[in-house]
Structure formats: structure tokens, C-alpha cells
Amino acid sequence: MPSVCGRNSSPFDRSDNVDDVNRSDGDSTSQKRRLGGDPVAMEVRQISTQIKWKSPRRCVNSSPKTSAIGTEKDSMEGIVNLQKSQKTILTNDLTAKPNWNPIDTEQVSAVKEALHVSTAPSTVVCREDEQRRVLEFCKVCIEEEKAGSLYVCGCPGTGKSLSMEKVKQQVVDWAKEAGFHPPYVLSLNCTSLTNTSEIFSKIIGENQPKKKLNGSTSPLQQLQKLCSQQQQSSCSKMMLIIADELDYLITKDRAVIHDLFLLTTLPFSRFVLIGVANAIDLADRFLPRLQSLNCKPMVVTFRAYSKDQILRILQERLTVLPYIVFQPLALELCARKVAAASGDMRKALSVCRSALEMLEAEFRESTGNMNSISQEKGSLDKQTATGPEILEVQGNNVVRVDHMAVALSKTFKSPIVETIQSLPKHQQIILCSAVKFFRGGKKDTTVGELNKSYIDICKSVLIPPVGTLEFLGMCRVLNDQGLFKLGQSREEKFKRVTLKVDESDITFALQGIRFFRACLQ
Amino acid sequence: MGKEKNQAGKALNLLRSRLCDPNFIFKPLSDSPETNYSKLKFIISSSIKEACNNSILLLGPRGSGKVSVLELVLGDLLQEHLDQISVIRLNGLLHSDDNCAFKEIARQLCVEHQLLFSKMASFDDNSQFMIAMLQECGLAHKTIIFVLDEFDLFAQGKQRLLYSLLDAMQSVTSQAVVIGVSCRLDADQLLEKRVRSRFSHRKLLFLPPSKEDLERLLEHVLSLPLDSTFSHGYALDFNEKFKSILRDKRFEEVIDTYLNSSSTVSQLLRFLFCAVSFMDVESEFLSLENFKTALLTIQRQPKLECVKDCSILELYLLVCMKRLEVKEQNSYNFNSVMKEYKSVHDTFQTCDYYSRNVCLRAFEHLLQRELICFSDNRGTGQSLEFRPVKLLISPVELYQGLKSYRSCPAILLKLMDR
């Protein structure tokens with residue numbers, strides 16, 4: 001199973017197992033398979049480590065497998081780059097990291113891996129406070145052998161599930177160290193339950209895996225019986241239950257979620273319950289009975305990330321790479337924008353990856369151009385001509401602010417403005433007439449009225465309006481796209497129409513055309 | 001002569017088959033890197049190569065080629081890496097219910113990997129099977145591509161399917177790509193916030209083709225190939241003639257008029273099919289007239305054609321009814337129309353003055369042709385003359401119908417203008 005750290009090792013380490021790779025050339029399932037001749041590229045690097053500081057021309061001629069790699073320019077770039085990075089590692093100066101080569105697929109995929117949402121970082125930064133609180137709570141419960149409940153809430157993408165994973169591990173480790181019995185841990189996602197009361201059978205199954213479920217009593221009753229009796233054995237374990245997406249358990253009568261939390265209030269209960277959800281006031285709204293029993297769960301709120309936190313997390317993720325990929329200003333722009341919008345970490349990671357892809361695309365185009373240029377020149381000139389070009393390329397191959405800006409605009413802009421601008425003329429006129437109609441304060445109207453308004457506008461500009469059938473068809477198309485909302489009616493003309501797009505969006509989109517500008521004033 | 005007729009017939013067949021084949025239409029998109037085809041291909045192939053998870057949404061009006069381009073990309077990728085991809089297709093119209101969707105996923109996975117599928121499997125079994133398969137395929141470096149058609153319909157209800165799919169993609173062990181296809185522009189606003197947070201916000205917008213793209217498309221589709229299928233001279237002549245049509249200003253007008261009402265690719269192809277079918281096999285070449293006839297055929301106005309078939313008296317009655325409406329008389333019946341008719345005759349001294357019975361007969365004809373109808377829903381309580389009626393044709397259409405009438409009396413046009 002490929003591991004994350006394997007990919008981020010320095011090229012020096014990789015040269016050790018290049019011999020293995022040489023032998024198992026065809027069978028590359030030991031690493032995650034990469035298309036594009038990977039083992040061969042590494043072999044070239046191995047050879048180049050031994051041949052130091054030869055001229056690029058001789059380097060290429062002396063390595064036996066240049067033709068298999070692709071263009072000679074690529075291999076040379078790899079060699080020159082490797083020499084640069086070797087130099088850096090030899091001098092042990094990590095502050096001046098080398099630039100990276102965006103064309104090298106190995107490096108690009110390493111960066112993408114570091115920025116992927118599924119990669120769990122080894123240390124979770126910016127959530128130490130919240131993790132400490134949860135850990136303290138669990139420690140207290142285990143020490144005093146008392147049951148308790150905790151509610152973790154926060155917007156999506158704020159690191160709740162990630163922190164709970166870490167806390168789980170930390171609790172078990174601490175219990176072992178401190179000499180307590182490590183608790184059973186049950187972590188489940190409530191969306192995977194078909195029936196909300198299944199959660200109790202899952203808890204029982206975890207608690208006493210050997211005991212068969214008694215047919216006459218429900219799992220809930222069994223649990224309640226268990227918790228109300230004095231335990232015989234004195235060394236029975238506590239059980240830590242982490243329930244993700246707790247709001248899936250909320251039913252109309254809220255029975256299940258009440259019973260779940262009430263389990264922890266029974267006198268001999270040994271459950272430590274941690275519920276995770278998005279709603280901040282779930283405990284207040286849905287668990288009023290607990291308040292009367294004076295055992296409301298403790299609430300730990302995971303606030304949305306601020307700009308500095310996002311920046312720190314991104315930098316932390318990128319420190320595992322041995323080269324600079326992003327300009328610092330670009331990262332700051334991303335952090336600022338995402339923090340202003342939602343504070344969702346997943347979005348920030350996605351935007352960074354998107355900016356990276358843009359850089360990649362830019363490079364593919366420019367190398368395509370350079371390849372065609374160099375192919376025009378003679379092959380003898382090739383080596384000398386591309387030398388200075390390579391160094392120029394390596395000068396500015398980080399992700400710059402403009403890449404990040406384009407990625408941000410693509411993520412945060414809605415496609416509505418572009419679509420309105422590319423609608424056929426008559427549909428734009430229909431949208432216009434709808435805007436004018438609704439300016440008077442009305443919220444909806446019928447198709448027939450809209451048709452009249454549309455015909456008026458067409459008359460004023462001397463465009464022949466389309467017939468009623470086509471008008472209805474166009475309204476339906478606009479409804480499909482989510483710009484209108486058509487109601488139901490037996491007769492077509494009496495269907496009610498509401499505008500679902502903001503008026504300012506339409507005005508903005510159509511401002512380029514003089515006619516619409518005049519019309520919408 | 002016979003041979004050339006053959007050629008023209010063959011050319012017609014070739015053009016028609018091209019217009020019905022989406023692969024042919026969207027193939028030239030693969031050349032340029034800016035098109036949606038290349039972008040989509042790049043995203044999916046880089047996800048496969050780097051073995052990471054990805055999700056993307058294809059948006060655009062109906063008929064703009066989203067599914068065609070997607071199928072083209074998937075076809076290419078399946079050729080390149082056959083054993084590294086498996087494709088699971090779901091449709092929002094069929095599988096928006098979570099139970100149904102998981103069952104279908106399990107069934108397709110079983111078919112793909114030659115496992116036995118049990119219809120008795122429960123919802124739990126199916127979802128665990130899917131997660132297990134995702135892990136297995138992740139280990140075997142196989143990417144599973146989920147294609148969700150009508151994506152906005154999956155966003156109804158509790159969105160459990162979307163959540164489990166996107167959540168499974170958050171783990172390192174699985175390799176999956178989720179592609180959503182929808183015609184609603186705000187499809188991602190319909191998602192719950194936790195599902196939206198897990199969805200990477202890549203969107204590809206399918207816009208109608210620009211002017212240059214349109215020209216390229218027309219040339220690509222309607223030029224005959226210069227290989228041995230057709231005689232060289234004929235093919236050259238055909239292409240020359242077609243290029244001259246393309247440059248004609250009137251052709252531009254025809255295309256613009258058509259595109260003003262519907263500009264998606266599928267509508268355009270329908271128009272071209274119509275035009276090509278009008279090609280005269282005798283003359284062996286496409287002409288501008290074909291396109292004009294096609295435009296008229298597609299943009300029919302049924303009410304106008306009805307008006308053209310009316311008699312002059314019936315036109316008089318229609319114009320009188322329109323005048324009554326203009327005078328803000330919201331409900332009128334045959335008697336009021338007759339009064340108006342008489343007043344018009346008195347004012348303008350027209351020569352067409354018919355008796356009441358004849359007018360009643362004309363009135364019945366109009367009712368049958370559905371140019372007017374009764375505005376109350378009672379049965380046949382009252383006689384025809386007293387029931388309120390209303391016009392079913394708008395004044396604009398009536399005016400156009402009068403203008404294109406073969407021998408419309410000038411008085412009627414004058415009356416319409418008031």
C-alpha cells in the first residue's frame with residue numbers, strides 16, 4: 001500500500017532503490033503506477049549523480065536511454081534541476097529551497113498529493129486548543145469512570161472529523177500510558193445507518209461482541225438495563241462513541257437522539273459520547289429534556305478558519321516538499337479570499353490545486369511552442385540553444401498571484417453571468433422584460449402577461465417577436481436552466497413565472513449591449 | 001447524368017449520417033486546448049495518472065453537447081487505458097432514490113468485475129459493497145468513474161448518495177472521479193453545505209458556439225471529403241459552391257435569425273439536417289434556397305397559416321373583435337361584433353357587407369378553426385350569439401397574417417393600425 005511519505009522523499013533516497021526498479025522494470029505495482037516512463041527517468045538521474053558537472057551535451061550523449069524518455073530537452077532539464085537540488089542538499093541550506101520543474105510529472109503529483117483533501121497531515125495545526133479540550137474531557141471521564149457527553153459543532157471543512165481521529169488515538173495512547181484500561185472506541189457515521197435506531201444495535205455489538213442479541217428486548221432496552229445495573233466485574237472498560245453527522249439521527253419525535261444522550265445520564269453508564277454535527281445550537285434545539293435533567297452536553301465549537309490559520313495550514317502542508325511551489329503572495333491571496341467567503345479548508349486546498357493545474361497547462365503550452373521552435377533548428381544546435389532557455393524557464397515556474405487569481409475567480413464565480421451573455425437574443429429579451437415587470441414590486445406573474453411585456457419591448461426596437469408557441473418553449477428552456485421558475489397550471493398561459501436570478505446579475509451581464517442598457521434603465 | 005445523380009444521392013446520405021453522429025461533430029474539438037473536451041480530458045486523465053480523487057460538474061443548456069463530449073472523452077480514455085478505468089453511469093430520473101441508486105451501483109460494479117449480483121441485498125449491504133469495491137480498486141490502481149446524469153435531481157431529499165460518494169473520495173484508499181451533468185446553472189447551490197464542501201468546485205460551462213466556431217463547424221460538417229468516395233471534380237465543385245454560400249450575406253442573415261431563438265448545438269444540427277434534406281438531387285449541390293426553406297419550415301407559425309386560409313369576411317370579423325378589445329370591452333359576443341361590423345361599414349362605406357346569417361356561418365368557421373373561442377365554461381345553455389367569446393390570436397400575429405394575405409383589402413390594414 002503506497003504511503004504518503006514515500007513520495008516526498010528526496011531524490012537522493014530514491015537513488016538507493018533504483019536498482020530494484022531496474023530489475024522490476026515492467027512490474028511497477030510496488031509504487032503507485034505512473035504513466036510516463038518513470039523508472040527510466042530515475043535511472044537517468046542515478047547516472048547523473050555519478051557524473052557531476054559535465055557539460056549538458058556530453059551528459060545527454062553518455063546516458064544510454066535518452067531516446068526512451070521523450071524529448072531530449074526534458075531529460076536535460078531533469079538533470080540540470082537535479083544537480084541544482086543536489087547542491088542544495090549538500091550545503092544543507094533549507095531556507096533557500098530550489099525551484100521545481102513543473103514538467104516533471106513526479107514532482108507535480110507529489111505537490112498535488114500534499115495538497116489533496118484526503119491526505120491527513122501528520123500534525124494538525126490550528127486546532128490544538130479544541131483538541132486539548134476534548135482530550136481533557138475524555139481524560140476526566142476515564143479517570144473518574146464516569147459517563148459524559150460532548151457535542152462538537154462547526155461549519156463544514158473546519159477540521160472536526162480530522163481532529164476527532166487524532167483525539168481518538170491520543171486517548172487510547174494516554175490510557176495505556178497512565179495505566180487505565182484503554183476504552184473501546186466506536187466511531188461511526190450516522191449517514192450509513194438505514195434506520196436511526198440501528199445505532200443502538202451497533203453500540204451493543206461493539207460492547208459485547210460475543211453476546212447474542214436477545215430477540216424480546218430491543219437494543220435500546222438492553223443498553224438501558226445494562227447502564228442501570230451495577231457492573232459485576234470491576235475492570236469493565238469505558239466505551240468511547242464518536243458519532244459523525246449527528247443530525248441524521250434527528251427524527252420528528254427526536255426519540256433516538258434523546259435516548260442516545262440519556263444513556264450517558266444513567267447511573268452506571270460507561271459511555272463517553274461525542275457527537276459531531278454542523279448546527280451550533282443542536283443541543284439547545286433538540287435536547288431540551290437534558291437541560292431539565294441538568295446534564296446538557298458540553299459544547300466545543302470549531303470556528304471557521306481565519307486567514308492566518310488557513311495560511312499556516314497551507315504552509316505546513318507544503319513544508320514536506322523539498323522545493324518552492326507557490327509564491328507567498330499567492331498563498332496569502334488564497335487564504336484571504338477563502339477566509340472571507342466561508343473559512344472552509346477544503347475549498348482552499350481545491351483552489352490551490354486548481355492554480356497548480358493552470359501553471360501546468362501554461363507550461364505544457366510553452367514547452368509545446370519551444371519544442372516546435374527547437375525542432376525547426378538543426379539538431380546540432382539544439383543543445384546549445386536550449387541551455388539559456390532552460391535557465392530562463394526555471395526562473396519563474398512558481399505558482400504566481402495571477403494563477404491564483406484566475407483559480408479563485410473560477411471557483412467563486414457563478415456561471416450565471418456568462419450564460420446570460422451567451423443566451424440567444426430572444427431569450428435575453430424575455431429576461432429583460434421579466435426584470436422590467438418585476439421592478440414594480442410584484443413577485444410573480446403569468447406567462448401571458450410576460451408575453452405582452454415581451455411583445456412591447458420587441459415592438460419598441462422593431463424586432464419581430466416570436467409566436468406564442470415559441471415563446472412558451474423559450475420560457476421552458478429558461479426554467480430548465482434555473483433562471484425562471486414556472487408554476488403548474490392546466491393552461492399554458494396561466495402558469496406563474498418568478499425570476500430566480502438577481503436583477504443586478506442580469507443588468508451586469510447585459511450591460512455590454514446598448515439596447516439592453518437603455519431598456520433596463 | 002445517372003452517375004452524377006448517384007453522386008448527389010451519395011453525398012446526401014453522407015451528410016445526413018454525419019449530422020446524426022455526435023462523434024463526428026465533436027471530434028475537431030480535440031485539437032484545440034481551450035475547448036471543454038480538452039479540459040475535461042486533461043482533468044480525468046490526470047486524476048487517473050496521479051491516482052487521486054476528483055469531482056467535476058458539467059453545466060449548460062439542454063442540447064449543448066455535454067453528454068456527447070463526455071462520451072467522446074470516456075471513449076478515448078477507455079481506448080488508452082482499458083483496464084484502469086471502470087465507468088458507472090447513473091441517471092437522476094431513474095435513480096434519485098438512494099436505495100435504487102446503491103442497488104444500481106452494486107449491479108454495475110458486479111457486471112464490470114464479473115461478480116454475482118444478488119437482488120436481495122439490502123441497502124446496508126450495497127453501500128458497504130460499494131465502499132469495499134472502492135478500496136479494492138484503489139489497491140489495484142483502478143479508477144472508478146461515476147457519471148451522474150441529471151445531477152440536480154440527485155440533490156433532492158437527503159442527498160445520502162452524494163454524501164457517501166463524496167465522503168468515500170475523501171479517503172486516501174479510494175480512486176474515484178465523480179462527474180455530474182446538469183442543465184441547471186445553480187446545481188451546486190442545491191447541495192447541502194456538507195456535501196458542497198466535499199465537492200471540488202470545478203465547473204465546465206458549455207456555451208453555445210461563437211461565430212468562428214460556428215463557421216468551422218459548418219465547414220467541417222458540410223464539406224465533402226476529397227478522397228475516393230466521390231469523384232474528385234464533383235467533390236471540389238460541391239465544396240466550392242458551399243464556401244460561396246457561407247460567404248453570402250443572406251446566408252448569415254438566415255443563420256442569425258435562427259440563432260436568435262435557439263442557439264444550442266443540437267438545434268443547429270436539426271436545422272442543418274432539415275436544410276440538407278431539401279437539397280435538390282437534380283441540381284447536385286446545396287443552395288441558399290435550401291436553408292431559407294428550412295428556416296421557414298422550422299419556424300412555423302400555425303396561427304398565421306390559419307389566418308391565411310380565412311375568407312375575407314372572417315378577417316373582417318377578426319379585425320372587429322380586435323377593435324372591441326382595444327376599446328377595453330373585455331367580454332363581447334357575436335351581437336357586439338355585429339354591431340362593430342355595422343359601424344365599420346357605416347364609417348368607411350365598405351363594399352363587403354353581408355347579412356347576419358352569413359356572418360354567423362363565418363363566425364362558426366372561426367370557432368372551429370380555434371382562432372376564437374368561448375370564454376365561459378358553460379355547456380350549450382345559450383345560443384351561439386349570446387355567449388362571450390375571446391380571440392385566440394394575438395394582435396401582432398393577426399397583423400402579420402393580414403400583411404401576408406394574398407389579397408387583403410387595404411381597409412383592414414388601416415383598421416388594424418388604429
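# Close-ups of a two-chain predicted model

**Figure 1. A salt bridge inside chain B.** Glu150(B) and Arg62(B) bring their side chains together in a salt bridge, 3.6 Å from N to O; the term stands for a side-chain nitrogen of Lys or Arg within 4 Å of a carboxyl oxygen of Asp or Glu. Glu150(B) sits in the loop between strand 3 (143-149) and helix 8 (151-154) of chain B, while Arg62(B) sits in the loop between strand 1 (54-59) and helix 4 (66-80) of chain B, so this pair ties together parts that are 88 residues apart in sequence. Helices (H or I, at least four residues) and strands (E, at least two) are DSSP runs, numbered from the N terminus. Is Glu150(B) buried or exposed? Glu150(B) is buried, at 16% relative accessible area, whereas Arg62(B) is partly exposed at 44%. Here buried means under 20% relative accessible area, exposed means over 50%, and partly exposed is what lies in between (1.4 Å probe, protein chains only).

A word on how to read these views: this is a predicted model, where local features need pLDDT of at least 70 and side-chain atom pairs count only at pLDDT 80 or more, while totals for chains, interfaces and linings use all residues. Residues are numbered from 1 along each chain as its sequence is written, chains are lettered from A and ligands numbered from 1 in the order in which they are written, and side-chain values use heavy atoms, with hydrogens and water left out.

**Figure 2. Two further salt bridges in chain B.** Side chains of opposite charge can pair when their charged atoms come close. Take Lys327(B) and Glu340(B), whose side chains meet in a salt bridge at 2.9 Å, N to O. Lys327(B) is in the loop between helix 17 (312-326) and helix 18 (334-348) of chain B, and Glu340(B) is in helix 18 of chain B, 13 residues apart. Then look at Asp248(B) and Arg250(B), which form a salt bridge of 3.1 Å, N to O. Asp248(B) is partly exposed at 23%, and Arg250(B) is partly exposed at 44%. Over all chains, the whole structure has 39 salt bridges.

**Figure 3. Thr143(B) and its surroundings.** Thr143(B) is part of strand 3 of chain B and is buried, at 1% relative accessibility. Which side chain does Thr143(B) join in a polar contact? That would be Gln175(B), at 3.3 Å. A polar contact is a pair of N or O atoms within 3.5 Å; within protein, one must be able to donate a hydrogen and the other to accept it, and residues adjacent in sequence count only if both atoms are side-chain atoms. Setting aside neighbours within four places in sequence, Thr143(B) is in contact (heavy atoms within 4.5 Å) with residues including Ile48(B), Gln84(B), Ile85(B) and Val177(B).

**Figure 4. Where chain A meets chain B.** How many residues of chain A are in contact with chain B? The count is 59, and they touch 56 residues of chain B. Between them the two chains bury about 5,200 Å², 51% of it on carbon and sulfur atoms. Buried area is the accessible area (1.4 Å probe) that two parts lose on being put together, summed over both. Six salt bridges cross this interface, and 18 residue pairs are in polar contact, both residues at pLDDT 80 or more. On the chain A side, the elements giving two or more residues include helix 8 (105-114), helix 18 (345-376) and helix 22 (425-438) of chain A. Helix 18 of chain A gives the most, with eight residues. That side of chain A has 16 nonpolar, 21 polar and 22 charged residues. In this sorting, Ala, Val, Leu, Ile, Met, Phe, Trp, Tyr, Cys and Pro count as nonpolar, Asp, Glu, Lys and Arg as charged, and the others, Gly among them, as polar.

**Figure 5. One salt bridge between the chains.** Arg198(B) pairs with Glu245(A) in a salt bridge, with their closest N and O atoms 3.8 Å apart.

**Figure 6. Domains of the two chains.** Chain A has domain 1 (100-118 + 305-368 + 397-412), domain 2 (128-206 + 236-302) and domain 3 (415-520); such bounds come from an automatic or database domain assignment. Taken over C-alpha atoms, the centres of domain 2 and domain 3 of chain A are 52 Å apart. In chain B, the C-alpha centres of domain 2 and domain 3 lie 59 Å apart.
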